[in-house]
Amino acid sequence: MNQLKAKIKYLKSFLKSEWNFNDYPLETWKNPNAEQNDLEYGAKFTNWWSLVAHGETENEAVENLKRHLADFKKNNTDVPRPGANVPIEYTESDRIEKNEHIAVEFFDKIIGINFYDCFISDLSSLHDFDLADEQTLEKIESEFGIVPKDKDYFLSDIFEQINEKASG
């Protein structure tokens, strides 16, 4: 049934040049094994595997998905057609995952969002959050006692630097 709805949304998308949230085929579900309340429900668009949101309620998951779509549109020139099959693109996140405990605290204190509400790869940087400014760097130094070494401000490098300071 989801694929049929996706096909219909796909065909209707040719009648418009820009698409809004309601143009996309929506799927929601309850996570029976969720250990965190904010992951209890999920929402995504049919055939778009990488844009997923979660929440404590179904409505909250859908609202989070709306925000993710708005962010995606803001940061990308090519937006997938509703119902189209969007292939998964993988970017490594091994270094981020290795320092997840630091990432969670960093996101809370510096970026101001929940680390688990977004996907962060090893190539994500402060620039992605428009936070590569003097005020943010001072806050990082104040909270974590480090000054990022390079101007790329990759989060994986920053987390490793914080981990090195804590370890040694």
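Six helices and three strands make up the chain in this predicted model, and read along the sequence they follow the pattern α-β-β-β-α-α-α-α-α. Taken along the principal axes, the C-alpha atoms fill a box of roughly 60 × 35 × 25 Å, and 36% of the 168 residues count as buried. Among contacts between residues at least 6 apart in sequence, 49% join residues at least 24 apart.

**Nonpolar cores**

- The largest nonpolar core has 20 residues, and those with the most contacts inside it are Phe-106, Phe-107, Leu-126, Leu-155, Ile-158 and Phe-159. At least two residues of this core are supplied by each of helix H4 (100-111), helix H5 (134-144) and helix H6 (155-167), and the largest share, six residues, comes from H4.
- In soluble globular proteins, nonpolar side chains tend to be buried together.
- Leu-126, one of the residues with the most contacts inside the largest core, is in contact with Phe-106, Leu-131, Ala-132, Thr-136, Leu-137, Ile-140, Tyr-153, Leu-155 and Ile-158, when its neighbours within four places in sequence are left aside.

**Packing of H4 against H5**

- The crossing in which H4 passes H5 is right-handed.
- On the H4 side, Glu-105, Phe-106, Lys-109 and Ile-110 take part in the meeting of the two helices, and on the H5 side they meet Thr-136, Lys-139, Ile-140, Glu-143 and Phe-144. Of these, Phe-106, Thr-136 and Ile-140 are also in contact with Leu-126.

**Salt bridges**

- The count of salt bridges comes to nine. Side chains of opposite charge can pair when their charged atoms come close.
- Within helix H4, Glu-105 and Lys-109 lie four residues apart, about one turn of the helix, and they form a salt bridge whose closest N and O atoms are 2.6 Å apart. Glu-105 is partly exposed, with a relative accessible area of 35%, and Lys-109 also counts as partly exposed, at 29% relative accessibility.
- Lys-109 forms a salt bridge with Glu-143 as well, the closest N and O atoms being 3.6 Å apart. This pair links distant parts of the chain, with Lys-109 in helix H4 and Glu-143 in helix H5, 34 residues apart. Glu-143 counts as partly exposed, because its relative accessibility of 38% falls between the 20% and 50% limits.
- Lys-149 and Glu-164 form a salt bridge in which the closest N and O atoms are 3.9 Å apart. Here too the pair links distant parts of the chain, Lys-149 being in the loop between H5 and H6 and Glu-164 in helix H6, 15 residues apart. Both Lys-149 and Glu-164 are exposed.
- Arg-95, Asp-157 and Glu-160 are linked in a network of salt bridges.

**Loop residues and backbone geometry**

- Most residues other than glycine have a negative phi.
- Asn-47, in the loop between strand E2 (41-45) and strand E3 (48-55), has a positive phi near 75°. Asn-47 counts as buried, because its relative accessibility of 8% is under the 20% limit.
- Tyr-153, found in the loop between H5 and H6, likewise has a positive phi, near 55°. At 7% relative accessibility, Tyr-153 counts as buried, and Tyr-153 is one of the residues in contact with Leu-126.
- Lys-151 has its place in the loop between H5 and H6 and, with a relative accessible area of 61%, is exposed. From C-alpha to C-alpha, Lys-151 and Ala-84 are 38 Å apart in space, and they are 67 residues apart in sequence.

Notes:
Residues are numbered from 1 along each chain as its sequence is written. This is a predicted model: local features need pLDDT of at least 70, side-chain atom pairs count only at pLDDT 80 or more; totals for chains, interfaces and linings use all residues. Side-chain values use heavy atoms; hydrogens and water are left out. A nonpolar core is a set of buried Ala, Val, Leu, Ile, Met, Phe, Trp, Tyr and Cys residues joined through side-chain atoms within 4.5 Å. Buried means under 20% relative accessible area, exposed over 50%, partly exposed in between (1.4 Å probe, protein chains only). Contact means heavy atoms within 4.5 Å. A salt bridge is a side-chain nitrogen of Lys or Arg within 4 Å of a carboxyl oxygen of Asp or Glu. A crossing is left-handed if the near helix is turned anticlockwise from the far one by less than a right angle, and right-handed if clockwise.
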